[in-house]
Amino acid sequence: MAMASTSLQYPLHKSLFCPKYPPLSHNSRTSHPRLLRFSSSRLPSSIRASSSVALQPELGTQQIQTIEDDVFACPVCYEPLIRKGPSGFNLSAIYRSGFKCKNCDKTYSSKDNYLDLTITASMKEFTEVKPASTELFRSPIVSFLYERGWRQNFKGSGFPGLDEEFKMAQEYFKPAEGGLLVDVSCGSGLFSRKFAGSGTYSKVVALDFSENMLRQCYDFIKKDDKISNKSLALVRADVSRLPFESGSVDAVHAGAALHCWPSPSNAIAEICRVLRSGGVFVGTTFLRYSATTPWIERPFRTIVMRNYTYYTEPEIADLCTSCGLTNYKCDVQKNFIMFTAEKP
């Protein structure tokens with residue numbers, strides 16, 4: 001199919017859209033319907049939708065268009081994005097939609113089956129270089145190998161295995177059941193797919209900064225008929241600039257991710273911002289050393305790992321609480337830690 005323009009070539013007048021609903025309450029588990037349906041025959045001829053992927057430039061008179069306030073927000077100003085395209089929260093509908101910030105007019109579109117919601121998404125001249133730990137996982141080779149041996153090697157450090165990790169996370173996420181879950185730094189989506197397939201959440205967003213990880217995630221999803229039609233979206237975004245309104249997310253998961261972030265404090269503060277009151281954050285990472293590590297070994301591990309941002313359990317607890325989260329808990333096995341905290 002021919003590629004179309006990356007911009008939304010139509011004026012977005014406020015009168016076309018439903019009033020903005022308030023954020024979810026602490027006990028709310030379903031999102032408000034923020035959409036207005038209308039026949040394209042009633043639209044001015046000047047209104048046309050376009051996107052970099054598969055969004056039809058003109059709709060027949062009997063076909064229905066949808067313009068809605070989406071779950072996504074602009075990473076520049078955090079205002080809700082207006083979505084124009086097919087209704088529904090799934091890979092196909094989001095891939096065929098165009099998004100626009102109603103505050104700063106910045107547009108966003110899908111690329112290679114994921115929605116790009118980074119600040120640099122539409123930049124043509126500026127190039128931002130990330131730290132080596134971030135750039136490593138943008139490599140097509142590392143992305144291909146991640147779920148084909150790379151992640152399995154974590155067991156040597158105490159990681160209990162994917163099924164057990166998922167089971168542990170699900171226990172912590174019980175207060176968020178029925179809500180929106182965002183799997184940040186999702187990699188190839190090994191946990192995103194499990195969360196979506198569980199049917200526990202109304203929507204799941206698989207989010208990563210690596211384009212190649214998201215491509216791998218899409219390939220795995222398309223091979224699984226049980227997942228491909230689930231309420232799941234693939235989004236490229238920066239964990240330090242999450243594309244969601246404040247207080248709009250029920251659960252955030254970050255598997256084996258903390259040690260890869262350029263600034264864990266900025267990332268967890270941002271996670272705290274997007275979580276609703278009572279929302280749950282669950283993360284796993286490697287520890288520099290644990291309480292069971294012999295004292296004589298700790299200085300050696302610190303020297304060996306000086307080029308890695310591995311932390312101790314007290315440091316992670318301090319990080320979470322200092323960024324505004326409460327009810328911190330953790331499980332430690334050798335140098336593996338799963339920790340959780342809640343938004344007050």
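In helix α8 of this predicted model, the buried residues are P264, A267, I268, E270, I271, C272, R273 and V274. Helix α8 covers residues 264-274, and because eight of its 11 residues are buried, the helix is largely enclosed by the rest of the structure. The cover over these buried positions includes strand β11 (249-254), strand β12 (275-286) and helix α10 (313-322). An α-helix has 3.6 residues a turn, so residues three or four places apart point the same way.

Two of the elements that cover α8, β11 and β12, also pair with each other: five bridges join them, and the two strands run parallel. Within this pairing, A254 has G283 of β12 as its bridge partner.

**The sheet**

Strands β11 and β12 belong to an open sheet of nine strands, whose order is β6-β7-β10-β9-β8-β11-β12-β14-β13. The pairing in this sheet is mixed. Its edges are formed by β6 and β13, each of which pairs on one side only.

Strand β9 lies between β10 and β8 in that order. The strand spans residues 203-208 and is mostly covered, six of its six residues being buried. In a regular strand the side chains alternate between the two faces of the sheet. In β9, K203, V205 and L207 point one way, whereas V204, A206 and D208 point the other way. Both sets are buried, including the lysine K203 and the aspartate D208.

How is β9 joined to its two neighbours? On one side, four bridges link β9 to β8 (residues 180-183), and these strands run parallel. L181 has V204 of β9 as its bridge partner. The chain passes from β8 to β9 by way of helix α5 (residues 190-198), making a β-α-β crossover that is right-handed.

| Strand pair | Bridges | Partner residues |
|---|---|---|
| β8 and β9 | four | L181 and V204 |
| β11 and β12 | five | A254 and G283 |

**Individual residues**

Two residues deserve attention for their backbone angles. Most residues other than glycine have a negative phi, and most peptide bonds are trans. D112 is not a glycine, yet has a positive phi of about 50 degrees. This residue sits in the loop between β6 (110-111) and β7 (114-116), and its relative accessibility of 42% makes D112 partly exposed. N327 likewise has a positive phi, of about 55 degrees, although it is not a glycine. N327, however, lies in a strand, β13 (residues 326-333). With a relative accessible area of 48%, N327 is partly exposed.

S228 belongs to the helix α7, which covers residues 225-228. Its relative accessible area is 13%, so S228 counts as buried. Beyond its neighbours within four places in sequence, S228 is in contact with L91, I221 and K222.

**Cysteines**

A disulfide is a covalent bond between the sulfur atoms of two cysteines. The structure holds zero disulfides. C77 is in none, and the nearest cysteine sulfur, that of C101, is 3.3 Å away; the cut-off for a disulfide is 2.5 Å. C77 is partly exposed, at 23% relative accessibility. C186 is buried, with a relative accessible area of 3%.

**The chain as a whole and its confidence**

The chain contains 10 helices and 14 strands. Of its 344 residues, 51% count as buried. The chain exposes about 15900 Å², of which carbon and sulfur atoms supply 53%. Among contacts between residues at least 6 apart in sequence, 68% join residues at least 24 apart.

The mean pLDDT of the chain is 81, and 77% of the residues reach 70 or more. Which part of the chain has pLDDT under 50? Residues 1-65 do, and for them the model has 118 contacts beyond four places in sequence. Where pLDDT is low, the predicted coordinates should not be read in detail.

How values were computed. Residues are numbered from 1 along each chain as its sequence is written. This is a predicted model: local features need pLDDT of at least 70, side-chain atom pairs count only at pLDDT 80 or more; totals for chains, interfaces and linings use all residues. Side-chain values use heavy atoms; hydrogens and water are left out. Buried means under 20% relative accessible area, exposed over 50%, partly exposed in between (1.4 Å probe, protein chains only). Two strands pair if DSSP finds at least two bridges between them. A crossover is right-handed if, with the strands pointing away from the viewer, the path from the first strand over the helix to the second runs clockwise. Contact means heavy atoms within 4.5 Å. Accessible areas come from the Shrake-Rupley method with a 1.4 Å probe; for residues, only the protein chains shown count as cover. pLDDT is the predictor's confidence in each residue, from 0 to 100.
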